[in-house]
Amino acid sequence: MTNLIILTIIFAFSLFFSYFFKKKIEETIIFSVFLIIFILYIFGIFSILNIGWYFICLLTLVFLLILVRNYQKINLKLLLTCGFIFIVIATSVSLIIHKYRVVESFDELNFWFVAVKNMYVNNELFTSINSNVLAKNYTPAATIFHYFWVKPNKYFNESFVFISMNFFIYALLAPSLSMFKKTQWKKALLVGFFLFLIPLTIYNFIYTGAYVDGLMGLIFAYILYIYFTKKLDKFSLFSLLLALFTLTLTKVTGIIFSIAAAIIMVIDILFFHKLNK
Amino acid sequence: MLKNILQKINFNNISILFLYGSFLIIVFICLLESVTYPGVLLNKIGIKLSTLTLGLSVVYLFSYFKLNLSKITIKKSKPLLFFSLLVISTTLTLSLIESFTYPNFVFSKIHLNYKALQTLSSFLLLFLISPIISKIFLHKIFNTKSKILVIGLLFLTPIFSYFSWSQHLSTNNIIETETRLFSDTKGSFVFSKNELKEKAFKDQIYWFFKPNNSYAQIKIFFNIFTISFSTIFLIIAILFFINWLQNKKSSKIGFALLTFYIGGIAYSILITLISVNMFSVGELKTFVGRYILTYVLALIMFSFYLFLINFQKNKKINTSILIYMSLILITINIPSLSNLKPNKQLFSNRQKQEFLYQKIKDYFKDKDRPTIHTIGGEGPVAYRYFFVPYFVVSPIWQDWDVFIFENSGFKTVNYVFLASASEVFKKWSNPKFQKIFVDKKNVVDNGLYKVIYTTDDRSLFQFELINL
């Protein structure tokens, strides 16, 4: 049930932005993930994390109402896409494989999981005085998304942390499949499978852990991919800014990557005139 | 007469005068303070640099928004933008150098007061952000073709995200990692003091030129293969060259790769610099390997995306090639893929444990917030997680008995969780272990004990078993 609630919220957000910006849904899923993190972060730093979660639910209802009112204007070609099929299949696999998974690694217990559990129990960021986390100076982006996923469940279920981590990764990989047409779904799924395997080759525990080093690499690559391959319209710019925000707050070293990404893009703007093309 | 004079005065011209005047005065006084000695303004005219620049910044902002409301655009902002970026980047560089060396290093070596430059940079950031604020809020225009707007947003987003978190940490009295890192490393970044570290740093930095260097290699594919960083970068560079040959128009992509490539070297130098200061030589390789992999993954993924686009454009993606490539990757990743299957035995054991932990947490519900020390079992890190939100104070790197008898931190403890009685029985021959249990027969596995202090200074205590 929890997974259903969360996926409904994310897909409602993605559908709305797909309708609003006229973009394929696989491009708006990651946009929605970044936006959810941003909203919860704002509420979190004011110590009202749970209100942030209900605010997201309220937004979902508003978005759904707008979509229902304008259902005739929704372009189905933007929704039933190869990237969307990839996300559905990959997420279904994650739901099955993580059902009985428990955390084992020392480092994950020491911060990533204990932080989420504290946020779940206290409904505040792990920096709160009530939290028993030792490394309170870590940055919160990934744990905020895990909190978003575990929040509606009656008790703290660590398998949801693995599922949310996997979903985050799939959402980052999916936009690159937007180049495939619906008729090329077989090819797109093969490419999707290939994309799934690449991070696993470098970080062997990327799908079975909560470490964020691999995630940071994927966000960094996503930023450059969006900037260098997409037209810089409002949607791309907002996506880039939200991605930069998330990258900065994923880990302490994230600021190095986001500044590096910003420098690369600014040099391109100044010398290659991307904006005029 | 006064009315006539006022009518003749053009308030827009006055705003322009204030705008450029305040900008020039701020730049002038900051540069003046930078090249003289710190605090010269306070000494000579009795006003702090920051107070002066703050006041002038307010004048600047008012003038700016006044002009914007009158729909007057400020011309020739390009040189100002370049100047601002130059000053901000210089300040950042000098701040970093000073952080890694010792206080006043910059002033003593190059006689430049970079603190004054910091004030100037803060103002210039304000200068950069004003057109953005004005465009969004005054004109309600969000033009993605405006260079200044996009550049400003791209730079300011990471900076503001970072500072918002930093501010949040300081309001919660938490020391941020960077502050700890810089205060730990200040003064120690002098290689001549430590030859081993100097060698380790050089070995790591020269990875590009020495691919056989053990520091330059990482284990991939579940530790089966070893590959050097330079090989990875070289493969990607060759692939990009082929890509460029196919599509020569992609000079921008070539530029992206080049920047990325140089960035990779810069990043590895930076990470090594940090790790050399923070860790021992032995830990260096693991640390650097783990952090450089983030960059390597980003590089590989970005390269793959670009290839995908190029091949898709030229309709060269062949399904059979994709199948072969996937098969190769599957073969390489067999150990990692087998990992995807969860350990059901572990899950069932955890379920049983959780039942006990829940009973303990239920017991604590109507009590004052407990502080717990744990003995044996899965260790303090795991119990801190299991007992959330209650505090487990056992140190990670100290034996449980040393903590009880020799660490003053134990005086804050009011409950002890004994996960494994055998841990205690190992030391049972020592009478002090027998004495601390109220009932010597009740030393059991997974027992929760209340700590009863028998003296006011909490130096004497006993453990009493609680019936859950």
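Figure 1. Strand β6 (residues 447–453) of chain B and strand β7 (residues 461–465) of chain B run antiparallel and are joined by five bridges. B:V451 has B:F463 in β7(B) as its bridge partner. Strands here are DSSP runs of E of at least two residues, helices are DSSP runs of H or I of at least four, and both are numbered from the N terminus. Residues are numbered from 1 along each chain as its sequence is written, with chains lettered from A and ligands numbered from 1 in the order in which they are written. As this is a predicted model, local features need pLDDT of at least 70 and side-chain atom pairs count only at pLDDT 80 or more, while totals for chains, interfaces and linings use all residues.

**Figure 2. The five-stranded open sheet of chain B.** The strand order is β4-β3-β5-β6-β7, and the pairing is mixed. Two strands pair if DSSP finds at least two bridges between them. The edges are β4 and β7 of chain B, each with a single partner strand, so one side of each has no neighbour in the sheet. Strand β5 (residues 415–418) of chain B runs antiparallel to β6(B), and four bridges join the two. B:L418 stands opposite B:G447 in β6(B).

**Figure 3. Packing of helices α1 and α3 of chain A.** Helix α1 (residues 2–21) and helix α3 (residues 49–69) pack at an angle of about 45°, with their axes 9 Å apart. Axes are lines fitted to C-alpha atoms, for helices over the stretch in contact, and angles run from 0 to 180 degrees between N-to-C directions. That angle makes α1(A) oblique to α3(A); angles under 35 degrees count as roughly parallel, over 145 as roughly antiparallel, 65 to 115 as roughly perpendicular and the rest as oblique. From α1(A), A:I9, A:A12, A:F13, A:L15, A:F16 and A:Y19 meet A:I56, A:C57, A:T60, A:F63, A:L64, A:I66 and A:L67 of α3(A). Contact requires C-beta atoms, placed from the backbone, within 7 Å. The contact residues comprise 12 nonpolar, one polar and no charged (Ala, Val, Leu, Ile, Met, Phe, Trp, Tyr, Cys and Pro are nonpolar, Asp, Glu, Lys and Arg charged, and the others, Gly among them, polar).

**Figure 4. Packing of helices α4 and α7 of chain A.** The axes of helix α4 (residues 82–97) and helix α7 (residues 159–173) come within 10 Å and cross at roughly 160°. The two helices are therefore roughly antiparallel to each other, and the crossing is right-handed. A:I87, A:A90, A:T91, A:S94 and A:L95 of α4(A) meet A:I163, A:N166, A:F167, A:Y170 and A:A171 of α7(A). By class, the residues of this contact are seven nonpolar, three polar and no charged.

**Figure 5. The contact between chain A and chain B.** Chain B contributes 78 residues and chain A 78 residues. Elements of chain B that each supply at least two residues include α8 (147–171), α12 (251–278) and α16 (344–364). The largest share of the chain B side, 16 residues, comes from α13(B). That side has 53 nonpolar, 16 polar and nine charged residues.

Terms used
Contact = placed C-beta atoms within 7 Å. Left-handed = near helix turned anticlockwise from the far one by under 90°.
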